[in-house]
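Student: I'd like to learn how to read a protein model from its geometry. Could you walk me through one?

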Amino acid sequence: MSPTATMFAAAGALEQKLTELVSNESMDWKFYVQVFTWSVCLFESYLLLRQFPLYSKTEPPAVLKDHFKDDTFKKSQEYGRDKATFSLYSGLLKQALDSALLHYGVYAWSWDIAGSIGSTIGYGPEHEIIQSLLFAAVLFFVSSIPGIPLSAYQTFVLEEKHGFNKTSLGLFVTDTLKGWLVGFALGGPFLAAFLKIFQWAGDSFVPFLMAFFLAFQILMVLIYPTVIQPLFNKLTPLAEGELRKRTESLASKLHFPLKHLYEIDGSKRSSHSNAYFFGLPWSKHIVIFDTLIKQSKAEEVEAVLAHELGHWYYMHPTKLLVVSQVHIFSILALFPAFIHAPMFLRAFDFSAEVAARTPVIPSFILFQMILMPMEAIIGMGMNAISRRFEFEADQFACELQHKLKSEDMNDMGERLGKALITLHVENLSTVWVDWLYSAYHHSHPTLTERLKALEGYRQGDKKST
Ligand SMILES: [Zn+2]
């Protein structure tokens, strides 16, 4: 047999094995999902507990000592502890709730409710797409309404206490409603198209769904900043002045196809701040938070933008898109085994009649819960990649002076360092971070790691010149 034939045979055998496993009547899938989701939740709680002793430290790390006033450091420690306490309790509460939904067969119940609503409006069970849309809506309300008080507590108690909340009650309500509307407006057609492809392509759905997901992601990149973000924030062209001049000059030197330069009113909701770019390969837009502009000098914001343009230069967003496509592919490739096994849905209290038809959406949602432990590990891998990219972008900013042969950029590393410190201080970000907690949760290296690396790039520079 040729190597390719061997590979296909192996993949076929694997799928066969998986199908047998899923159809096995003695597999208690509900129990496994409970075990899997609780293990992930308890692991996350354990990570938070590892963080707690660090909030009792009375001094920042040595590199940051000069930048934190005693008072600010104390505040950042208190903020960190409050956030961690909130995460611990809300995480356990959410998991208890999800666990109850599973235990009491709420997924099967929601499917039946969706079925009766469908029948009432003239669409019987043969209209799987309609029933799935209704199912998604029922499940959405059942599972997300209990989260509203938590989110309100976070905004109006936790963030308020530490002086970050700028959201009024009215804004909170309209934001929540707008979020739902956007969710339905995008999620509905997405789900319908997803199912249509399934029905049309049959068992060879994987490549078609992949193409569909890719198209959807690209569409989101295009419409998110222009259609969705403006529903929540206001983007205004950045005013003439030093910052605009610096940004435009930097962009043109790097041949970055800058089309529009915006300031965003991030401060309407919160004082946390940042900058980002978006757009098509030939027409890009840069968005800077008004808070960043207020907190840092123009030359420091320029260094932050140099870092962002580093992401563009190394094509980091495209690389991440490729990684996420591979990820989606592996998930989809495992799914067929679950769609051909009525026993799988039976394990979650679906009636024999419903399970025999194996509706796609409920199967897919439950199938993803089985993957949760694996997804947690993959998430850490993705974070590792993203951190590497952050270091690369920092180095890019630091070494711009050589790339552009521009003397006045030889302090870019220092400026970036200053901006990062200001961001951290103003946001009261936690500076003492447990390594395992960070590996699991953070897509960015910690401030201390970045400052150390920046120092290294500058040292390297001095040696080479
Ligand atoms: Zn970055």
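Tutor: A compact globule of 465 residues would have a radius of gyration near 23 Å, and the chain has 25 Å, which agrees. That radius is taken over C-alpha atoms, and the globule rule is 2.2 Å times the number of residues to the power 0.38. Along the principal axes, the C-alpha atoms fill a box of roughly 70 × 55 × 40 Å. This is a predicted model, where local features need pLDDT of at least 70 and side-chain atom pairs count only at pLDDT 80 or more, while totals for chains, interfaces and linings use all residues. Residues are numbered from 1 along each chain as its sequence is written.

Student: What percentage of the residues in the chain is buried?

Tutor: A residue is buried if 20 or more other C-beta atoms, placed from the backbone, lie within 10 Å of its own. Here buried residues make up 25% of the 465.

Student: How many helices and strands does the chain have?

Tutor: Both are DSSP runs, numbered from the N terminus: helices are H or I with at least four residues, strands are E with at least two. The chain has 21 helices and four strands. UniProt, in an unreviewed entry, lists residues 52-234 as "domain: CAAX prenyl protease 1 N-terminal"; such annotations may be inferred rather than shown by experiment. That stretch is 78% helix and 0% strand, with its end C-alpha atoms 37 Å apart.

Student: In what order do the strands of the sheet lie?

Tutor: Two strands pair if DSSP finds at least two bridges between them. The open sheet runs E1-E2-E4-E3, with mixed pairing. Strands E1 (235-237) and E3 (275-280) stand at the edges with a single partner strand each, so one side of each is left without a neighbour in the sheet.

Student: Which sense of pairing does E2 have with E1, and which with E4?

Tutor: E1 and E2 (residues 258-264) pair in the antiparallel sense over three bridges, whereas E2 and E4 (residues 283-289) pair in the parallel sense over six bridges. Follow Glu263 in E2: Thr236 stands opposite Glu263, and in E4 the bridge partner of Glu263 is Ile288.

Key
Buried ≥ 20, exposed ≤ 12 C-beta atoms within 10 Å, placed from the backbone.
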